[in-house]
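Hello,

Here is the structure I promised to pass on to you. Please open it first, and then read my notes below.

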Amino acid sequence: MKTIAVLTSGGDAPGMNACIRAVVRAGATGGLRVVGFRHGFNGLMAGEHLPLDPRSVANIIQRGGTFLGTARSPEFKKLKGRRKAIEALKSAGADGLVVIGGEGSFRGAQDLIRESGIRAVGIPGTIDNDLYGTDFSIGFDTAVNTALEAIDRIRDTAASHERLFFIEVMGHRTGFLALEVAVAGGAEAVLVPEAPTDLDQLCRTLSESHRRGKSSSIVIVAEGDEPGVAFTIANRVKSSVGMESRVVILGHVQRGGPPTAKDRVLASRLGAAAVEALMDGQTGIMVGEIHNAVVRTAFPETWEKRKGLDLSRLALVGALAG
Ligand code: F6P
């Protein structure tokens with residue numbers, strides 16, 4: 001193996017830059033040439049590549065987003081699109097590929113491996129933290145802390161006005177982000193896709209705590225597969241609770257900003273581990289971290305197996321709501 005390519009794909013996540021830096025520098029240390037492809041698989045199909053050396057990734061470890069750019073690429077799901085990508089990788093001289101992204105990106109990489117024989121290794125980069133094969137994905141910790149800062153601010157105004165707030169957080173069909181911020185933010189309730197939503201029970205809980213003297217409350221709502229769902233839930237609940245209510249959708253603010261120390265360390269470790277895996281002759285795997293050890297998981301397992309949400313934390317939110 002002489003040359004490896006790296007790209008970021010899907011939704012951006014804080015720590016992707018730190019990860020590209022790690023791939024480039026670990027590659028250089030291992031005597032490899034590294035090229036970057038811009039704009040995810042779209043840029044791969046269009047042959048948009050640039051040489052990356054240790055100096056070209058200076059001063060990016062602290063920056064949010066991804067300097068290579070990213071995209072969701074419907075065209076790459078088609079064989080015709082992937083053939084263009086294979087040609088582009090060959091003309092860049094790349095015999096290995098590192099894909100930093102989520103499930104959709106790994107599915108694409110797996111198709112590419114099957115059709116071209118090019119070796120590819122994935123690194124989990126998504127704020128959703130929904131990939132099997134790693135305790136945490138790059139960007140999750142930063143998104144948790146960004147959402148938490150917003151929730152703390154909302155709590156100030158909620159208390160001042162004695163209001164009920166429904167705060168919707170991202171997570172793409174999973175409740176990892178929602179549950180984490182609900183516990184850390186001291187929310188009164190949390191709604192996640194992994195557990196049935198009982199709106200009558202929610203109304204009872206909120207009304208009872210209102211009667212006990214709680215003058216403001218925060219309900220965290222995971223976006224699930226219907227972003228904006230917090231408005232629907234608020235409309236159904238507010239009249240029976242008897243509190244003035246507001247809805248806040250945190251949205252893409254959760255995807256930006258400088259990565260936390262935890263995300264930078266994870267990104268650095270997994271970037272180096274991906275290069276090591278390619279140099280070991282590995283392909284079709286994601287590198288992740290479980291119980292602080294680097295593990296390699298076959299691509300299909302990352303989407304076929306489901307990482308379980310710790311549902312005991314749902315009960316914890318209820319028990320500590322006061
Ligand atoms: O996968 C990351 C994520 O931020 C999800 O939490 C969210 O549902 C989705 O991306 C939003 O995607 P887009 O930026 O394409 O609107």
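The shell around the ligand is made up of two nonpolar, three polar and four charged residues, where Ala, Val, Leu, Ile, Met, Phe, Trp, Tyr, Cys and Pro count as nonpolar, Asp, Glu, Lys and Arg as charged, and the others, Gly among them, as polar. Please keep in mind that this is a predicted model, in which local features need pLDDT of at least 70 and side-chain atom pairs count only at pLDDT 80 or more, while totals for chains, interfaces and linings use all residues. Residues are numbered from 1 along each chain as its sequence is written, and side-chain values use heavy atoms, with hydrogens and water left out.

Which residues are around the ligand? They are Arg72, Ile127, Asp128, Met170, Gly171, His172, Glu223, His252 and Arg255, each with a heavy atom within 4 Å of the ligand.

Among them, Glu223 has a side-chain N or O atom 2.4 Å from an oxygen atom of the ligand. For Arg72, the distance from a side-chain N or O atom to a ligand oxygen is 2.9 Å, and for His252 a ligand oxygen is likewise 2.9 Å from an N or O atom of the side chain. The protein buries 72% of the 400 Å² that the ligand exposes when taken alone (Shrake-Rupley method, 1.4 Å probe).

Now to the domains, whose bounds come from an automatic or database assignment. The protein is assigned domain 1 (3–139 + 259–304) and domain 2 (142–255), with C-alpha centres 34 Å apart. Their contact (heavy atoms within 4.5 Å) takes twelve residues from domain 1 and eleven from domain 2. Each domain also gives at least three residues to the ligand shell.

Best wishes

Key:
A polar contact is a pair of N or O atoms within 3.5 Å; within protein, one must be able to donate a hydrogen and the other to accept it, and residues adjacent in sequence count only if both atoms are side-chain atoms.
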